[in-house]
Amino acid sequence: QVQLVESGGGLVQAGGSLRLSCAPSGRTYSLRGMGWFRQAPGNDREFVAAIRWSGSSTYYADSVKGRFTISRDNAKNTVYLQMNSLKPEDTAVYYCAARTSFAPSTYIWTVPNWYDYWGQGTEVTVSS
């Protein structure tokens with residue numbers, strides 16, 4: 001069993017920055033990858049970024065590429081999402097997710113059903 005706790009959400013003006021954190025606990029040895037998704041009211045859950053547990057590779061949605069960076073701190077066993085140049089359309093609840101199986105392709109990293117564990121979510125609001 002794995003638990004995920006997100007933090008770092010809040011209110012920020014357009015053009016600003018925010019860093020989200022995801023702290024896994026429990027059987028973290030079973031994890032093979034981590035991802036960030038977001039969901040605005042009335043919208044489907046949208047892929048944002050993913051990283052291998054080892055940190056050896058990353059993958060980003062086109063909408064955030066060049067603005068967001070996903071990383072992992074080995075010492076703290078924590079995954080981060082650094083969000084720069086934020087836009088109002090980035091407003092959503094952001095969810096941390098973890099998977100225990102290897103992904104056969106980067107496309108699979110974008111599919112919510114591929115992930116085994118989810119955090120409660122942290123709300124990000126970007127004002128204009």
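1. Start with D62 and K65: their side chains form a salt bridge, with the closest N and O atoms 3.3 Å apart. (A salt bridge here is a side-chain nitrogen of Lys or Arg within 4 Å of a carboxyl oxygen of Asp or Glu.) Both D62 and K65 are exposed; that word stands for over 50% relative accessible area, buried for under 20%, and partly exposed for what falls in between, using a 1.4 Å probe and protein chains only.

2. A word on what you're looking at. This is a predicted model, where local features need pLDDT of at least 70 and side-chain atom pairs count only at pLDDT 80 or more, while totals for chains, interfaces and linings use all residues. Residues are numbered from 1 along each chain as its sequence is written, and side-chain values use heavy atoms, leaving out hydrogens and water.

3. Back to the charges. The structure holds four salt bridges, and a network of them links R38, E46, R67 and D90. R38 meets E46 at 2.9 Å, N to O, and R38 also meets D90, at 2.8 Å, N to O. R38 sits in strand β4 and D90 in the loop between β8 and β9, so this pair ties together parts that are 52 residues apart in sequence. (Strands are DSSP runs of E, at least two residues, and helices are runs of H or I, at least four; both are numbered from the N terminus.)

4. E46 is partly exposed, at 33%.

5. Now the aromatics. Five aromatic pairs turn up in a search of the whole structure. (Rings of Phe, Tyr and Trp, the last by its six-membered ring, pair if their centres lie within 6.5 Å; planes under 30 degrees apart are stacked, over 60 edge-to-face, the rest tilted.) F37 and Y115 make an edge-to-face pair, 5.2 Å centre to centre with 80° between the planes. Since F37 lies in strand β4 and Y115 in the loop between β9 and β10 (117-118), the pair ties together parts 78 residues apart in sequence. F37 is buried at 0%, and Y115 is buried at 5%. One aromatic cluster takes in F37, F47, Y59, Y115 and W118.

6. Two arginines lie over ring faces: R45 over Y95, at 3.9 Å from the ring centre, and R72 over W53, at 4.1 Å. (The test is NZ of Lys or CZ of Arg within 6 Å of the ring centre and within 35 degrees of the ring normal.)

7. Then the core. The largest nonpolar core has 36 residues, and M34, W36, L81, M83 and Y94 have the most contacts inside it. (Such a core is a set of buried Ala, Val, Leu, Ile, Met, Phe, Trp, Tyr and Cys residues joined through side-chain atoms within 4.5 Å.) Among the elements giving two or more residues to this core are β3 (18-26), β4 (33-39), β8 (78-83) and β9 (92-99). Residues touched by L81 include L20, W36, V48, F68, I70 and Y94, not counting residues up to four places away in sequence; contact means heavy atoms within 4.5 Å.

8. Lastly, two backbone spots to look at. Most residues other than glycine have a negative phi. N77 has a positive phi of about 55° and sits in the loop between β7 and β8. S85, in the loop between β8 and β9, has a positive phi near 50° and is partly exposed at 40%.
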